[in-house]
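Please keep the sequence and the 3D view at hand while reading.

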Protein chains: 2
Amino acid sequence: MPKSQLRSQLNLSESGEDYLKAIFQLREELRRTHDSDLVTTNALAARLGVAPGSVTGMVKKLADLELVTHAPYRGVNLTEVGERLALELVRHHRLLELYLTRVVGFRWDEVHDQADALEHAISEEFEDRIDEMLGNPAYDPHGDPIPTKEGQITGPELAPLAAMIPDPDRIYTIVRVLTQDPTLLRYLDQLRLTPGTHIRLMARAPFGGDLRVATETAECLISPLIAGVMLVMHSGH
Amino acid sequence: MPKSQLRSQLNLSESGEDYLKAIFQLREELRRTHDSDLVTTNALAARLGVAPGSVTGMVKKLADLELVTHAPYRGVNLTEVGERLALELVRHHRLLELYLTRVVGFRWDEVHDQADALEHAISEEFEDRIDEMLGNPAYDPHGDPIPTKEGQITGPELAPLAAMIPDPDRIYTIVRVLTQDPTLLRYLDQLRLTPGTHIRLMARAPFGGDLRVATETAECLISPLIAGVMLVMHSGH
DNA sequence: ATTGAGATTTTGGCATACCTCAATTATAAA
DNA sequence: TTTATAATTGAGGTATGCCAAAATCTCAAT
C-alpha cells in the first residue's frame, strides 16, 4: 500500500502521526486565541487522552526525527518537515470527512471518528481519486479548509458570531463550525445553522446571555458557547 | 468508530485479526486440495511472514479467547465464533476490493494491498453503505465470493482450468482467479482472461506443457501454473 | 512394536513501541 | 523565598515481534 514518500520513508507509527496532527491543531487553536506557537505537554496529553509522561517520550522521538523542536519545560513546535506531514494528515482527514458525507452518505456528525480511523490507512492514490471525485474541494463539511496536496492551507478571515454586534440589517454567512461534537453538530443541523447559511444577529441578552439569530425562515436562541464555535463572514447588506 | 459487536467487545488487535483471516484462508485452500481442516503453525508463519515461534504465541492468545482450537503438533482450527469473525473480515476485504475497482476506479491488480489496510479501519456502517452502493454483490473483482452479513458464503462448484480435458466444442466461463499477485493479474487482464469471459480449451501440450485457450476474439497459450489458478464453470454448448 | 530421521512446536532470552504511575525537578507567580 | 503548577525522569507493564536451542511429535522403515 503506497503511502506518501514522507510517510513511508520515515516510517512513523500511527501514534506518531496522531501526535503530529494534535500538535498542529492545538497550535492552530492557540494562534486563533492567544499569540503562542508553543504547544504544552499537558495540552497534548489531554487532547490525546494520554498521561503527560507519555507525551514527553513521544515528543523526544519526534524531535529525534526532526519533526518537532522541543524546548524542555517550554513546549513543542513543528519543524518544516513536521508541518508538511501534519498538513498531509489533515488533508486526508478533511477529504475523508467530505467524502463520507457527499459520496458515502453519512451525516456530518458521523464522519469525524471514521475519518480518524481511515486517515492512517488510505494510500496517496486513494486520496487523489477522492479529491478528483469531489472536484478538488477547498472545504470539508464543517467548513474547515482542506490543505492542498502541496501543503498550502488558506481561508478567509473569520470571526466567531459571539464577537459580533447585534444588527438586524447585517447579513452573515456561516462559514465554519469549530466543533466535532456529534450532539452539538446534530443540534446545529436541526436549527439549520450549517455552513453556507445566511443569518442575522438580532439581539443579545445581557450578561453573557443567549443570542437571537434569524435565518431566512426562522429565528432561534443560541448560547454564547455555541456562538463561539460558529465562525461567520460578513456578506453584504 | 463503531465496529461490529464481536470485534469491539473482544477488542482483538489488528494482528490478531490478520491471524484469524490467514487461518480461514489457509483452511479454504487445504479443503480445496487436501481434505484437511487443520492449519499448521509453519504454514501460518509463512503466510504471515513471521517466525513459527511468533505464531505459537498468538495462537495461544486466540485459543484463550476461544476463537481457535489448538491441538499441539496437529494444527489450528477456528471455533464458531472465530469463523464468524474471520468471515466478517473477509467480507470487509472483498467488499472493499470491489468498491475500489467499481467506484474509486482502481485496477484489479491494485486493490488487494489497499483493502488489507482498510479492512481493519472501516466501520460496520461504512460496510453497509458500500454494500448497498454496489447492490449487495456476491463476488469481488477476482470472483471470490463475498460472505453475507450473516456469515454465509456460497458459490458454485468450480474446477481449475488445468483439470479440464481439451475440447473445442465445450465452452467454459472464467468465474474466479485464485491469485492476488499484481503481475499475474495484469497479465491475465491483458489476455482478457478475466472473470465472466467465455473460453474454450483447445489443446494441451504433453508432459505438463502449455494450454491453448480460445476467447471469443483471440487465442493464447498459458502455462499449467496459470491454468491452475483459473477456476471455470462449464457453460453449455 | 520399535526406532530414528525429520519436521514441528515450545521455550527462553531479547528488542521495540507505547503506555502508566510515582517521584523528582524546573518554572513562574505570590 | 516560598509555593503551586507543569514537565520530566525512571521503573515497570503489555503487546507484538524476532531468533536459536531444546523438546516433542510424526511417520515410515524395520
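**Charged pairs and the sheet**

Arg91(A) is buried, because its relative accessible area is 5%, in a model that is predicted. Asp131(A), with a relative accessible area of 10%, is likewise buried, and the side chains of these two residues, Arg91(A) and Asp131(A), meet in a salt bridge with an N to O distance of 3.3 Å.

- Over all chains, a search of the whole structure finds 33 salt bridges.

**Salt bridges in chain B**

- Glu119(B) and Lys21(B) form a salt bridge in which the closest N and O atoms are 2.8 Å apart.
- This pair joins the loop between helix 6 (111-118) and helix 7 (124-133) of chain B, where Glu119(B) sits, to helix 2 (residues 14-33) of chain B, which holds Lys21(B), across 98 residues.
- Both Glu119(B) and Lys21(B) are buried.

**Sheet in chain B**

- Six strands of chain B form an open sheet in the order 3-8-4-5-6-7, with antiparallel pairing.
- Strand 3 (159-160) and strand 7 (219-222) of chain B are the edge strands, each pairing on one side only.
- Within this chain, strand 4 (residues 172-177) and strand 5 (residues 198-204) of chain B pair in the antiparallel sense over two bridges, and Thr173(B) stands opposite His198(B) in strand 5 of chain B.

Note on methods
Residues numbered from 1 in each chain as written. Chains lettered and ligands numbered in written order. Predicted model: local features only at pLDDT ≥ 70, side-chain atom pairs only at ≥ 80, totals over all residues. Heavy atoms only, no water. Pairing = 2+ DSSP bridges. Helix = DSSP H or I, 4+ residues; strand = E, 2+ residues; numbered from the N terminus. Salt bridge = Lys/Arg side-chain N within 4 Å of Asp/Glu carboxyl O. Buried < 20%, exposed > 50% of the residue type's maximum accessible area, 1.4 Å probe, protein only.
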